[in-house]
Every structure is written in structure tokens, then in C-alpha cells.
2 protein chains.
Amino acid sequence: MEVALDRLLHTQPLDGETARPQRLLDAMRYASLSGGKRLRPVLLMECAELFGRSDEGICQAGAALELIHCYSLVHDDLPAMDDDDLRRGQPTVHKAFDDATGILAGDALLTLAFDVIAEEAVHPDAAIRLGLSRDLSRASGIGGMAGGQMLDLESENRQRTEREIHTLQAMKTGALLRYACRTGAILADAGKLDVERMNRFGETIGLAFQLADDLLDVEASPEQMGKATGKDADAGKATLVGLMGLNQTREELESLLQEANALLAPYGDKAQRLASIAAFIANRDH
Amino acid sequence: MEVALDRLLHTQPLDGETARPQRLLDAMRYASLSGGKRLRPVLLMECAELFGRSDEGICQAGAALELIHCYSLVHDDLPAMDDDDLRRGQPTVHKAFDDATGILAGDALLTLAFDVIAEEAVHPDAAIRLGLSRDLSRASGIGGMAGGQMLDLESENRQRTEREIHTLQAMKTGALLRYACRTGAILADAGKLDVERMNRFGETIGLAFQLADDLLDVEASPEQMGKATGKDADAGKATLVGLMGLNQTREELESLLQEANALLAPYGDKAQRLASIAAFIANRDH
């Protein structure tokens, strides 16, 4: 993944581009090559491998998804948004550069993703690539990730029901995780039922991811996380942990993990790594 | 165009979307339905009509392009960027809403464009739609519009050569105008030479557009423009007017207009409206 991202963020302008300004490129590289769990591309690649495909093109699709994820982190960290100074233990992009460069770097990463997903190596059928490009737009736009961030910002000091929080989280985090799993299956030409199963697997671990995140925000130290913690409570945001309490949240998380494993059961040992990722998501401590 | 944009920015979530948060939708509608010259979609539609196509799908492609343009205005107006309070005589998006909503509305408009350009009505051939989606990414990303805005921000209090300013402007404004003209021709299945000619026409009026803009920034009143003027000089930005003087700039503008007309000559009367647009661009007073 590092290699794929590094290769995409080069100085040489592509056909149809005029030049790639160094400062903007530096900020984009800083935003996307400073570590990170690469959870979304890993999920995409594992789901593709489950149905027999693992090659450069799959890696390319994973990189497109990671560019979207990285753009969202850069914009979410901005002073006007969550106002975070640290990310993965390092200064956030707007701290290392400046706010304007942060905005533009996010914009350009988002834009680049739609170039990358269109590459021929991703899938020989242009109609499939186009469909995935469109799905990516819906998973990350007003009806997905960006909309979820809007709802999250509006949550400060506003009472939310459990159902509303579920919607918010399904959009903010769930949509891209679901996209990752579903897209992996589609790119490996999996059958319709398998694609639907991977879609549900993605949805399930998306919910688990957010519950684990909420638990960590309450329980972990800033050192473990490489970023500030306790921010949700400080901002007066209603979380599921707040509504359900620690014990019920842990139980819910456990039951989501079982559901994820049940979805993987038909694939037996071949789905071992995907099961490990689900367990990692539910039990991670950073 | 208003109808097409209005129809795209609806409350009902699309297939693959979870919900469309009202506040974000309101900001996106405010950003894209508050008037504007609609220059880019008009160019796209006129170029398509020149080669015999005018239908809903063309309008759709024009709307995708306008979404990109509107996103760029919203982000450029942000306090961290050009810090403008007025746009088309009304409060800018971050003034009417807030900075966070401005950032997210821009993100979501940009993202939506890649959904819209993928619609089947745009062109029956998925490979062509995918190609245009990719071109749109390159015209608006690091090697195009976003990169141009980065160079423009870096221009404050820095000496730039005429050549550097040309590059900056070709990226910041030229890339989308060129995309508009080229895409119109492609969508109407024009021949390769005609597509290339429209590409050059777009490039030429892009240069004219920026020269006219620089002249207006020096000569027009804020009332005429519906936004602040004299900002480039105040920010210490080198402009072509600054380097070449008023008279030479006007001459250069006149010669670009002649070049644009020469490119349209082979199409005779059919290109009348495109010629009027070129003249409007060169001589506009707002």
C-alpha cells in the first residue's frame, strides 16, 4: 500500500495535468504516507483475495479508498472542524503546513481518488470501474461520510437517540468500510450473493469499529491513541457508550463480532485473515 | 441548468446513500443555486450543440462541471483561503452557515460531481463516461484547479514571471474551461480533430477569461462585481496586468479573442453563440 500510494503521489504531471505544485504534493504525501492502519485497503484486498484475486489493480483500488480516508482525516482535523493538533502522534497537516494547504490537500486527495479508481488495472470492464467510482462518490459524499461528519458536528450539545447515533456512524465510518468489503468482492468477480454477504460483513464490522472507537475514547490514553482522547464527552457529544453504558457496549460489540464471523463461516479457513481483522477491530487498543 | 442542479440536490437519499443531512444539503443548495453565470455548463452545452447534440444528458454533464466550480468557490472563499464575505452580492457559504459547514459543503459538492458525470444519460458508452470522469479529476485536482489555487496562494508577496502566472492561470481557471469545451465535443461524438479544436478554443478563452478578470480586479467597483475588488494588488499578488500594464493586457486580450474566433471559423454561423460567449468573456464588466 505504501508503495502504491508513493507511486501515485509523484512530481511528474499526468496526461491532462499542467504541473503538480511541490507544496501541495508535499502536504498530500505527508497526509497519506505517515503511517496509519490502512484498514480500508487491507479489507478491500482481503475480500478480493477471498474470491481469488490479488494483483496490482486491487492494490490500486485500495489506494483510491485510502486517499479518500486520508482526505477526510485532513479536513476533520482542521480548526473549523474537530481542531486536532496531533494525528498518529505527529502534527496534523494544517499544523505542519497551514490551514489553506490543509484544505487544498484534502480536496486534491479526494479528487485524485476518482482518477485512481478509473485506472484500467483495477478491472478490465470500464462499466464496472465506473460503477465503483459512482459507489465511492455515494459512500463518501452527502449521503455517506461527509454527511456523517455533518451530523457528528451537529451532535455537540444536542441529545441524540440510539437510532440517530447508529445512522450517523453508519455514514461517517460505516459507508467506507462497507465499500471496501463490497468492492473487493466485485473486483474479484464474486457472485451476487457473495457480494451481498461481503457488503453485510463490511456493515457489521463498521458498527463494531465505531463502538470500539467510542470505548477507546473513554478508556484509552492519548499516548496509546497518538491523538487526543475524551474529546466526545468534552464536546458534549452523545455516544452509544454514553447511552448504553460500558457493559452493554462491550456486549453489543461481542455480538457484532459473532455476526461478522457467522457471515464468514461459509468460506472456512480461507476467511481466516478477514476474521482476524474483525477481531482486531473489536479488540484494538489504539 | 437551475432545474438540473435543483433536481440533483434533493432530500431523498440515492441508492447506496443512507440519508442526506438537511443542513449540509441547504449549504450545498445555497452554494450552487444562488445565481452565477453558469459559464462552464453553457460552454459545454454550446460545444455539444455545435456537433449536433443537445439533450438532458448534456445538461447533466454541465451540472457535474458546475458542481465542481461551485465547490471551488466555497473553499476559496473560506477564511483560511481568500477570506471573502461576499459572493454574487450575497454572504458567502461560510458566512451564511459556518466554516465547518462550508468545508463539508465544498467536499460534498466535489464528491457529487463524480456521481453525476457517471449517469447513463450523459453518454451511452460507459468507457466514455469513465474517461470524462477521469479527465474531470485531472482538470480539478493537484495538476489543475486545486494546484492552481495553491500556486495562487503562494503568489502573495512573491515575484512571479509572466510564464509562471500563465501556468497558474491555466491551472486555476483554464483547466475547467478547457474541460467544458472539450467534453461538449466528446459527448456529441465529434471527430478527433474537432475535439482538439474545441480543446484549443477552451484553452484560448480560458486565458482571455483570466486577463479580463485581472483587468476587472483593477478597474471595476465592488458593486459591479458583487464581491471585493483590488484584492490581488492588496495581497501583493503579481498579475499579468501588473507585469504588462493595462494597454498591453487589453491588446493581448484582443488577440486571444481573434484566435478564438479563428478556431470557430470552420463552423460558420453555427458557431455564432460560441463566438458571442468568447466576446462576452473578453469584454464583460462583472
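A salt bridge, as the term is used on this tour, is a side-chain nitrogen of Lys or Arg within 4 Å of a carboxyl oxygen of Asp or Glu. Please keep in mind throughout that the structure in your viewer is a predicted model.

**First stop: a pair that joins two chains**

Select A:Glu119 and B:Arg134, whose side chains meet in a salt bridge with a distance of 3.9 Å from N to O. A:Glu119 lies in the loop between α6 (99-116) and α7 (126-140) of chain A, while B:Arg134 lies in helix α7 (residues 126-140) of chain B, so the pair joins two chains.

**Second stop: the whole interface**

Now colour the two chains separately and look at where they touch: 53 residues of chain B are in contact with 53 residues of chain A. Chain B and chain A bury about 4,700 Å² between them, and 71% of that area is on carbon and sulfur atoms. Which residues of chain B lose the most area to chain A? Select B:Leu130, B:Arg138 and B:Ile142, for these are the ones, and together they account for 16% of what that side buries.

Select α7(A) together with helix α9 (residues 162-187) of chain A, which pack at an angle of about 170° with their axes 9 Å apart. That angle makes α7(A) roughly antiparallel to α9(A). To see where they meet, show the side chains of α7(A), including A:Ile128, A:Leu132 and A:Leu136, and those of α9(A), among them A:Leu176, A:Tyr179 and A:Ile186. By class, this contact of α7(A) with α9(A) has nine nonpolar, two polar and two charged residues.

**Last stop: two helices in chain B**

Finally, move to chain B and select helix α3 (residues 39-50) and helix α4 (residues 56-77), which pack at an angle of about 155° with their axes 8 Å apart. Here α3(B) is therefore roughly antiparallel to α4(B), and the crossing of the two helices is right-handed. The residues that meet include B:Pro41, B:Leu44 and B:Met45 in α3(B), and B:Ile58, B:Leu65 and B:His69 in α4(B). By class, the contact of α3(B) with α4(B) has eight nonpolar, two polar and two charged residues.

Notes: Residues are numbered from 1 along each chain as its sequence is written. Chains are lettered from A and ligands numbered from 1 in the order in which they are written. This is a predicted model: local features need pLDDT of at least 70, side-chain atom pairs count only at pLDDT 80 or more; totals for chains, interfaces and linings use all residues. Side-chain values use heavy atoms; hydrogens and water are left out. Axes are lines fitted to C-alpha atoms, for helices over the stretch in contact, and angles run from 0 to 180 degrees between N-to-C directions. Helices (H or I, at least four residues) and strands (E, at least two) are DSSP runs, numbered from the N terminus. Angles under 35 degrees count as roughly parallel, over 145 as roughly antiparallel, 65 to 115 as roughly perpendicular and the rest as oblique. A crossing is left-handed if the near helix is turned anticlockwise from the far one by less than a right angle, and right-handed if clockwise. Contact means heavy atoms within 4.5 Å. Ala, Val, Leu, Ile, Met, Phe, Trp, Tyr, Cys and Pro count as nonpolar, Asp, Glu, Lys and Arg as charged, and the others, Gly among them, as polar. Buried area is the accessible area (1.4 Å probe) that two parts lose on being put together, summed over both.
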